[in-house]
Amino acid sequence: MSTLPALVRPIRVRLTAGICCQAAAAAAGITPFIAVAELSRRLLSGVPMSALGPFAVIALLALPVRVALLVAATTLTHLADNDLQLSLRRRLAKHLARLPLGWFATHDSGRVKRAVSDDVGALHHLVAHSLLDLVSAVVVPMVSAVYLATLHPLLALVTLLPLGAGLLLHHRAMAGVAARMREYQEATASLDATVVEFVQGITAVKMFGRTGRAHHRFREAAARYGEFVAGWAHSVTPAMAWSQFILSPLVTLFAVLAAGTLIAPDELISFAVLGAGLAAPLLTIGYSVQDLRVGRTAAADICALLATPELPDHGTSTVDTSAGALVEFEAVRFSYDGVTDVLDGIDLVLAPSTITALVGPSGSGKSTLATLLARFHDVTAGAIRLNGVDLREIPTSALYSQIGFVLQDVRLSRASVAENIRMGRPDATMTEVHDAARAARIHDRVLALPQGYETVVGEDVTLSGGEAQRVSIARALLADAPVLILDEATASVDPESEAAIQDALSGLVVGRTTLVIAHRLSTVVGVDQIVVLDNGMVAERGTHDELLAAHGRYARTWEQAA
């Protein structure tokens with residue numbers, strides 16, 4: 001079944017009722033014109049005025065009936081659309097909450113925003129408006145054509161000939177639009193990427209005197225985009241222009257008058273009244289069909305996101321970490337694509353209240369191993385256990401109360417500073433929030449903000465990287481999880497912020513089982529265990545002194561960094 005019918009199935013009854021009301025409204029809308037045509041025919045035939053009253057009454061009654069049916073159709077489709085949008089956004093939000101956290105690391109927020117906002121909005125236009133417009137565009141010409149065919153079939157056929165030619169040209173033009181729509185989207189994306197690259201790199205461009213070259217790349221991208229759009233328009237415009245001309249009421253009226261004068265002069269008034277109006281509704285069909293294509297594409301994107309496999313969350317086991325947290329990696333293998341193993345045969349033990357550092361070259365698997373502990377993904381083979389319980393057997397809500405993390409790339413919500421710190425413990429008091437902020441060395445900075453702890457991040461203030469790191473540390477301190485994953489948070493901040501962050505971290509790791517992703521060997525000299533990864537496997541492990549004495553990979557890297 002097509003994805004669009006599957007999505008609108010819950011509102012099918014109301015949508016069908018709205019379409020039926022719109023069809024009846026369209027028929028009622030053409031009724032006064034048919035009544036006027038009949039009045040004119042009978043007057044010309046010598047029928048007395050006293051016998052024409054019913055036609056006038058029908059014409060007058062049709063107008064309020066049409067209005068009532070239009071209101072009913074619009075109300076039904078908009079109510080159906082409201083329910084559809086609400087249910088879809090709830091489904092998407094619920095589904096996104098169940099996706100592996102690693103999914104968000106490989107997909108930008110634009111895709112989520114496009115599905116939840118843009119694609120659902122595209123369905124709104126289709127369900128609430130375009131389908132009704134399409135029904136009117138079909139019913140009005142059809143009713144008019146049937147009526148005219150009962151008067152004079154040959155003249156009706158002649159009246160429809162220019163409409164057929166115009167629709168054929170319009171179809172050809174719209175087919176050209178649909179065929180190259182993907183190319184247009186790719187050309188637009190390429191231009192957008194060039195603009196973003198130019199704007200984001202403008203400081204470096206000016207500093208190193210490369211303004212001319214950067215402008216040249218932007219001009220080339222803009223020129224390519226312009227050439228594509230111009231070529232596309234050149235291929236589509238002739239057919240579109242001719243279709244608009246042939247489907248214009250004047251052309252239809254000219255054809256009716258010319259043919260009617262020769263074939264059926266007695267029916268000329270009826271054909272002039274109704275025939276000239278046949279073309280106008282048909283012009284909207286192409287645009288409604290395009291809206292239908294857009295709606296189908298949006299529905300396909302929404303269904304694709306909803307089809308993304310969720311992180312299984314069927315565990316019912318509990319874990320007691322009151323006496324400490326023991327983490328065990330047993331024969332762990334992991335692959336992102338199911339073909340190439342990123343990690344292979346990892347056996348590792350993190351003893352309670354100890355610090356283990358992961359070191360190794362870029363691409364060795366450090367971040368992947370750490371994210372598996374946070375269950376951003378599930379292992380391909382093997383197991384990770386917390387105090388003997390497989391992470392997959394622990395409900396995710398309970399798991400994340402046991403595992404906290406401070407990442408290098410900090411993302412703060414557009415909420416108050418207090419709400420950002422409370423994220424791990426929404427019921428925490430302000431006193432507890434203040435204590436956590438003091439321990440993270442960010443309390444004084446928060447008090448200096450315009451509204452203190454009620455200052456909204458991203459609106460009232462933009463925090464520096466070091467400040468955001470300390471808010472993240474305060475959040476971890478308040479959550480008080482017994483297991484901590486720490487991506488070396490001082491690799492890209494200024495010396496003053498680094499000192500404050502290191503001071504805060506020294507208090508954070510006390511009493512916790514900590515896994516550190518180390519980018520600089522000098523920061524992990526005093527940890528309890530150093531694990532050297534290479535090509536997804538454990539190459540060495542031990543303390544700093546033990547690894548130096550082994551004269552292996554770690555010792556060579558240390559000497560090179562010295």
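**Close-up 1. Aromatic pairs in the predicted model.** This predicted model holds 3 aromatic pairs. One of them joins Phe376 and Phe405 edge-to-face, with 5.6 Å from centre to centre and 80° between the planes. Phe376 sits in the loop between α13 (366-373) and β4 (381-386), while Phe405 belongs to strand β6 (residues 403-406), so this pair ties together parts that are 29 residues apart in sequence.

**Close-up 2. Tyr400 joins Phe405 and Phe376 in a ring cluster.** Here the ring centres of Tyr400 and Phe405 are 6.5 Å apart and their planes stand at 85°, so this pair is edge-to-face. Through ring pairs, Phe376, Tyr400 and Phe405 are linked into a cluster. Phe405 is partly exposed, at 28%, and Tyr400 is partly exposed, at 29%.

**Close-up 3. Helix α2 meets helix α11.** Now to a pair of helices. The axes of α2 (residues 12-44) and α11 (residues 268-275) come within 9 Å and cross at roughly 165°. The two helices are therefore roughly antiparallel to each other, and their crossing is right-handed.

**Close-up 4. The residues between α2 and α11.** Which residues make the contact? From α2 come Ile30, Phe33, Ile34, Ala37, Ser40, Arg41 and Leu44. Helix α11 contributes Ile269, Ser270, Val273 and Leu274. Sorted by class, this contact of α2 with α11 has 8 nonpolar, 2 polar and 1 charged residues.

Methods: Residues numbered from 1 in each chain as written. Predicted model: local features only at pLDDT ≥ 70, side-chain atom pairs only at ≥ 80, totals over all residues. Heavy atoms only, no water. Axes fitted to C-alpha atoms, helices over the stretch in contact; angles between N-to-C directions. Helix = DSSP H or I, 4+ residues; strand = E, 2+ residues; numbered from the N terminus. Parallel < 35°, antiparallel > 145°, perpendicular 65-115°, else oblique. Left-handed = near helix turned anticlockwise from the far one by under 90°. Contact = heavy atoms within 4.5 Å. Nonpolar A, V, L, I, M, F, W, Y, C, P; charged D, E, K, R; others polar. Phe/Tyr/Trp six-rings, centres within 6.5 Å; stacked < 30°, edge-to-face > 60°. Buried < 20%, exposed > 50% of the residue type's maximum accessible area, 1.4 Å probe, protein only.
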